[in-house]
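The exercises below are to be worked with the sequence and the coordinates at hand. Each task is followed by a solution in steps.

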Amino acid sequence: MEQESDNISSQHTKEIIGTTVLLKKKYKVDKSIALGNGFFIEPDKIVTNVHVLAGASTITAKCVESETTYTVEGIIAFDDINDLTVLKVAEEGTPFPLGNSKKVRKAEQVCLLGNRKNQTDRVEGTVYNISNSGKHIVVNFNITDGQGYSGSPVLNTKGEVIAIVSSGDVSVDDSESIKGTGIASNLLKSLLNETDDVESLESWQKRPRIQAYVKSYDASICREHGDIKGAIAHYDDAIRLNPDLANVYLNRSSVMYSLEKRDEYLFNKLSAYKLNRERFSFTRFGLFFSWQLRYIRISLASSLHKFLRKLAGESTWFEGQAKARFHLAKRRIENGEISDVLNIYQTIIDEFTEIINRKPIEEKKKHLYAARRLYKEAIVHLSEVIKQKPKRAISYYYRGKAKYIFGEFESQHENLKETEKLFQGTINDYSEAINRKLKWKCIYNHLVQAKHQLAQLKSQQGYKEAALTLYQNIISDSDEAIQSEMECEVCRTAIHYKRGAAKAVFEDYDGAIEDYDMSIELNPNYAKAYYDRSKAKQALGQHEAAEADSAKAKELDPKIEY
């Protein structure tokens, strides 16, 4: 967006001079996805967020109003801690003037300029707070949805950039405003003084601290799909790659809180507070004092939690935590908050598995009995929900997912009869949910996964005909499954892989390779797909190609089974 006069009426900002751009990334399978925003800060330099660019293979920048497209040459500067990046472009745009964020005060009138859905929006707002020792400016914007404005400039009444939008919320109380967080412009000033040679986007993406943003995004996708275990694993990877990202600790803490894992919740909350430290200042003494109180409160809670755990002993503490989580799950079922319940069940089962593996035989039996009693009662609770509202399709999905979680537990402990019963129950519930027209992302993927698990179990038990029938169902179901979940690359990746595995059972190795190819195209880091493709190629006598796939699988996952 380029303005040199007051073409957009406003009671606050009299003049806006500068060019904003809509940034799109090309990612996997030639699919372009609108990411966020950027703006010119120098004639050949565009500012945006690290998280807007992380994971992209190519980036295009376009001024929506003039339809001018700018060629991105690479990264010239970045601050991975504060989520700022400066791009070098071949063409020139009109730069915005840069303001002094230290002069910004609470209740000051501001506006952001952002591009969403191929149109330019101007959103008025008021400074709500200045936090993190002046690094972050929190603004109340007069909109109900702040998603999609990342990288947009926040302007004062002089038309100067005083912040760069890094995050925004969605209104949860039907109000007409949301809070957005911006990175203070003075951090950008410092970054512009550190510009270096142009680094290619491909090279920049390989930096471990940039990969941390990709892992954090992967974690958010897992949370959308209800895969909390996967989300936690990705957050752990992100922290390992870049331990300075406060938002990763905050997001991880929210996951732990929902699972009633108080010790890890407090640890992550404390880590985030340390990174977002408020330093003493007379002008912002209230914020400093408030931060100190919260920090002390969380520190004391963490210390008390550790003391009580040590005092109670590991076994007693574990049993108490399992019971507390189960009662929490029961309350949430009664309140209709069932989606979180599945993650709580998963946590309970994971912890039962962990402690069972460490205990002597008699202790194993005790905890196995406790786990089975718990999950049978859980299925009864979920069945009561269905009895109350038998037409509600989503309830069948929730019960099916719970059965799947408990089926995996029994499978690990080689109780094949109970495993078969639970996986068959999962398939029945998922199928019922689909028959009742459940519009739930990934339901087909979950159904294919359950059939795949049961087919493997049937093969293991020697019921070959039953296993082959299930594999045939997977093949026939997959076309509809892929069409139903076209927008979800994670789902399509998994479905293609499972269909490929099913085709391999029928010795249709060419067909299997086609599906493995698609899985790898959708997810180039899918080690299992490389591994199984190598077996299919080996069966066709393509030994050199098979060895290359086998080596790639081992490179991606050294622990993969051979």
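A residue is called buried under 20% relative accessible area, exposed over 50%, and partly exposed in between. The model is predicted.

**Exercise 1**

Solution: 
- Step 1. The distance is within the 4 Å cut-off for a salt bridge.

**Exercise 2**

Task: Which helices does the salt bridge between R309 and D263 tie together, and how many residues apart in sequence are the parts?

Solution: 
- Step 1. The closest N and O atoms of R309 and D263 are 2.6 Å apart, and the pair forms a salt bridge.
- Step 2. R309 is in helix α8 and D263 in helix α7 (residues 262-275), so the bridge ties together parts that are 46 residues apart in sequence.
- Step 3. R309 is partly exposed, with a relative accessible area of 38%. D263 is partly exposed as well, at 26%.

**Exercise 3**

Solution: 
- Step 1. D429 belongs to helix α13 (residues 416-435) and K403 to helix α12 (residues 393-412), so the pair ties together parts 26 residues apart in sequence.
- Step 2. The loop between α12 and α13 contains E414. E414 has a phi near 60 degrees, a positive value in a residue other than glycine. At 67% relative accessibility, E414 counts as exposed.

**Exercise 4**

Task: Which residues are linked with R252 in a network of salt bridges, and where does R252 lie?

Solution: 
- Step 1. The network links D236, R252, K261, E264, R325 and E351.
- Step 2. R252 is in helix α6 (residues 246-258).
- Step 3. The relative accessibility of R252 is 9%, so R252 counts as buried.
- Step 4. As a distance check, the C-alpha atoms of R252 and E362 are separated by 35 Å, with the two residues 110 residues apart along the chain.
- Step 5. The count of salt bridges comes to 33.

**Exercise 5**

Task: Determine the relative direction and the handedness of crossing for the pair α4 and α5 and for the pair α18 and α19.

Solution: 
- Step 1. Helix α4 (residues 208-224) packs with helix α5 (residues 228-241) at an angle of about 165 degrees, and their axes are 8 Å apart.
- Step 2. Angles over 145 degrees count as roughly antiparallel, and α4 and α5 are therefore roughly antiparallel to each other. Their crossing is left-handed.
- Step 3. For helix α18 (residues 527-539) and α19, the axes come within 8 Å and cross at roughly 160 degrees.
- Step 4. That makes α18 roughly antiparallel to α19. The crossing of α18 past α19 is left-handed.

**Exercise 6**

Task: Which residues form a nonpolar patch on the surface, and how is F285 placed and exposed?

Solution: 
- Step 1. The patch is formed by F280, F282, F285, F289 and L293, which together have about 590 Å² of accessible area.
- Step 2. F285 is in helix α8 (residues 285-312). With a relative accessible area of 43%, F285 is partly exposed.
- Step 3. F307 also lies in helix α8. At 51% relative accessibility, F307 counts as exposed.
- Step 4. The C-alpha atoms of F307 and F409 are separated by 31 Å, and the residues are 102 residues apart along the chain.

**Exercise 7**

Solution: 
- Step 1. A107 is in the loop between β7 (84-89) and β8 (109-116).
- Step 2. Phi of A107 is near 75 degrees, a positive value in a residue other than glycine.
- Step 3. A107 is partly exposed, with a relative accessible area of 48%.

Definitions and conventions:
Residues numbered from 1 in each chain as written. Predicted model: local features only at pLDDT ≥ 70, side-chain atom pairs only at ≥ 80, totals over all residues. Heavy atoms only, no water. Patch = residues over 30% accessible without salt bridge, like charges linked within 9 Å, V, L, I, M, F, W, Y side chains within 5 Å. Areas by Shrake-Rupley, 256 points an atom, 1.4 Å probe, with all protein chains shown as cover. Salt bridge = Lys/Arg side-chain N within 4 Å of Asp/Glu carboxyl O. Helix = DSSP H or I, 4+ residues; strand = E, 2+ residues; numbered from the N terminus. Buried < 20%, exposed > 50% of the residue type's maximum accessible area, 1.4 Å probe, protein only. Axes fitted to C-alpha atoms, helices over the stretch in contact; angles between N-to-C directions. Parallel < 35°, antiparallel > 145°, perpendicular 65-115°, else oblique. Left-handed = near helix turned anticlockwise from the far one by under 90°.
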